[in-house]
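The following exercises concern a single protein chain. Each gives a task and then a solution in steps.

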Amino acid sequence: MSFTADRLVLFGATGDLAQRMLLPSLCALDHDDLLAPDLKIVGTARSDMSDAEFRDFARAALEKFLPVNRRGGMAEFLNRLSYQPLDATTLEGYEELAAKVGEPKRGIAIFLSTAPSLFEPTIRGLQHAGLDGPHVRMCLEKPLGTDLETSREINDAVAAAFPEERIFRIDHYLGKETVQNLLALRFANILFEPLWNASHIDHVQITVAETVGLEGRVAFYDDAGALRDMVQNHMLQLLALVAMEPPGNFNATSVRDEKVKVLRALRPVTEGETVTGQYRAGAIQRESVPGYDEELGKDSDTETYVAIKAHVDNWRWKGVPFYMRTGKRLPERVTEIVVQFRSVPHSIFEDKGARMQPNRLVIGIQPEENVHLSLMAKVPGLDREGIRLRSVPLDISMPDAFSGAVRRIAYERLLLDLIEGDQTLFVRRDEVEAQWEWIDAIRAGWAEQGLTPRPYSAGTWGPSAAIALAERDGVTWHE
């Protein structure tokens with residue numbers, strides 16, 4: 001049932017995500033007249049606040065995290081907000097929440113930004129208060145479990161009240177403009193798609209590098225580690241978008257059908273195809289930083305770095321390695337996809353002394369959104385001592401190319417899609433479970449091999465074994 005919600009309920013409304021992303025995104029959408037005039041936003045959390053106190057709380061968050069030029073009409077936005085204290089673990093209070101939400105004209109969108117352990121009692125409370133009917137859709141913020149079993153438990157609990165067509169699982173990477181541009185690059189240009197296969201692509205690299213350490217996520221991160229925190233969701237979604245077949249249409253069903261085919265075609269990782277690491281004390285941008293164990297306050301076997309050599313076993317990608325790496329306390333913050341094309345089959349310039357380099361496509365996702373394509377060109381000259389060729393870049397900086405367009409953060413798009421009911425950029429249950437199945441097999445392999453993280457100094461690109469993982473195939477990580 002399609003509807004544009006006129007009620008938005010934010011669970012965890014006093015949390016970090018709400019302050020940094022949700023409230024600023026909603027205010028920015030309101031500033032651009034993208035929210036329906038009758039949309040009411042109800043925040044709920046344990047904290048005991050009045051409506052006025054919550055509006056003051058929201059104002060402080062907006063002044064801290066929303067750019068000045070997007071705060072126009074902030075007073076009108078704050079008037080949309082109300083608040084209802086709630087202990088999500090008991091049924092008491094849900095009827096008061098339902099009364100606060102009121103009777104919608106069209107429907108309700110609920111955003112759960114809480115610990116996964118609260119999902120099941122929250123669903124029971126919503127059912128108890130009648131907030132689970134056909135006019136209600138549910139959005140879930142990660143993490144959705146710690147393995148396949150716990151993910152299924154969460155999904156089963158939610159599915160008891162909401163059918164799949166009304167469940168929206170967020171992976172905020174899918175809301176990033178450049179990630180969506182990957183689909184446009186592939187499927188709106190005849191230039192790339194005929195070459196997008198094993199015959200013409202040598203390998204693919206996906207890097208998600210962070211300079212930060214634990215940053216207040218001590219308990220969560222030590223239980224999760226890099227594999228479950230980043231690879232299971234963000235990186236596998238990027239891999240799926242790179243590797244998917246062209247969907248018949250750009251809609252939720254078609255796009256997600258093709259992504260899940262890729263995830264199910266992932267070959268199980270074997271011994272020697274992964275490297276894990278944990279950062280030690282070092283320097284980031286000339287500032288000394290402590291090691292992971294020092295930040296944590298105890299010894300730990302949790303990985304803060306992981307590199308994986310993956311394969312997609314289908315006709316399009318047979319034999320093409322996908323190298324993925326992610327880590328904390330690396331030299332720079334960068335998320336990028338590198339598509340390395342094969343060399344030309346025969347160089348007509350070899351006898352003239354020219355050296356060839358294969359073409360490379362680099363898609364930058366953060367901090368800079370850009371597309372960089374390297375091409376071979378002749379160096380000007382009379383060529384009396386031979387022809388010289390050089391790789392030259394074709395660069396597209398997205399902010400420059402679309403200077404008149406508003407640059408939006410991912411949550412603006414995703415929240416608007418939630419309100420309007422578009423699931424295209426949200427993750428379906430079978431995707432989540434295919435991702436967990438592959439990740440669980442990797443973790444089981446680590447346990448069987450007794451694999452422990454290798455140390456690496458903060459400010460470096462991870463353990464030296466990660467370099468060897470690629471270099472033994474003649475591949476160098478793009479840096």
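**Exercise 1. A residue in a helix**

In which helix is T178 found? State also whether T178 is buried or exposed, and list its contacts beyond four places in sequence.

*Solution.* The model is a predicted one.

Step 1. T178 belongs to helix α7, which comprises residues 177-187.

Step 2. The relative accessible area of T178 is 1%, so the residue is buried, the limit for that class being under 20%.

Step 3. With residues up to four places away in sequence set aside, T178 touches I363, G364, I365 and E369.

**Exercise 2. The domains**

Into which domains is the protein divided, and how many residues of domain 1 are in contact with domain 2?

*Solution.* 

Step 1. Domain 1 spans 7-141, and domain 2 consists of 174-409 + 425-472.

Step 2. The centres of domain 1 and domain 2, taken over C-alpha atoms, are separated by 35 Å.

Step 3. The contact between them involves 7 residues of domain 1 and 5 residues of domain 2.

**Exercise 3. Annotated positions**

*Solution.* 

Step 1. R46 lies in the loop between β2 (40-45) and α2 (51-65). Its relative accessibility is 60%, and R46 therefore counts as exposed. Apart from residues up to four places away in sequence, R46 touches Y83, L86, D87 and T89.

Step 2. K142 is located in the loop that runs between β5 (136-140) and α6 (148-159). Its contacts, again without residues up to four places away in sequence, are I170, D229, N233 and H234. The K142 side chain reaches the backbone oxygen of D229 at 3.3 Å.

Step 3. H234 is part of helix α8. H234 counts as buried because its relative accessibility is 2%. Leaving aside neighbours within four places in sequence, H234 is in contact with K142, D171, H172, Y173 and D229.

Step 4. The contact lists can now be joined: K142 touches both D229 and H234, and H234 is in contact with D229 as well as K142.

**Exercise 4. Packing of helix α5**

Against which elements do the buried residues of α5 pack?

*Solution.* 

Step 1. Within helix α5 (residues 119-128), the buried residues are F119, P121, T122, I123, G125 and L126.

Step 2. These buried residues pack against β1 (7-11), α4 (94-101), β4 (108-112), β5 and α6.

Step 3. After α5 comes G130, with a positive phi near 75°.

**Exercise 5. Backbone geometry**

Which residues does the cis peptide bond join, and where is Q285 found?

*Solution.* 

Step 1. As a reference, most residues other than glycine have a negative phi, and most peptide bonds are trans.

Step 2. The cis peptide bond joins Q366 and P367, with omega about 0°. P367 is placed in the loop between β14 (360-366) and β15 (370-378).

Step 3. Q285, which is not a glycine, has a positive phi of about 50°. Q285 is found in the loop between β9 (282-284) and β10 (287-289). With 66% relative accessibility, Q285 counts as exposed.

Step 4. R286 also lies in the loop between β9 and β10. The phi of R286 is positive, near 70°, and at 86% relative accessibility R286 counts as exposed.

How values were computed. Residues are numbered from 1 along each chain as its sequence is written. This is a predicted model: local features need pLDDT of at least 70, side-chain atom pairs count only at pLDDT 80 or more; totals for chains, interfaces and linings use all residues. Side-chain values use heavy atoms; hydrogens and water are left out. Helices (H or I, at least four residues) and strands (E, at least two) are DSSP runs, numbered from the N terminus. Buried means under 20% relative accessible area, exposed over 50%, partly exposed in between (1.4 Å probe, protein chains only). Contact means heavy atoms within 4.5 Å. A polar contact is a pair of N or O atoms within 3.5 Å; within protein, one must be able to donate a hydrogen and the other to accept it, and residues adjacent in sequence count only if both atoms are side-chain atoms. Domain bounds come from an automatic or database domain assignment.
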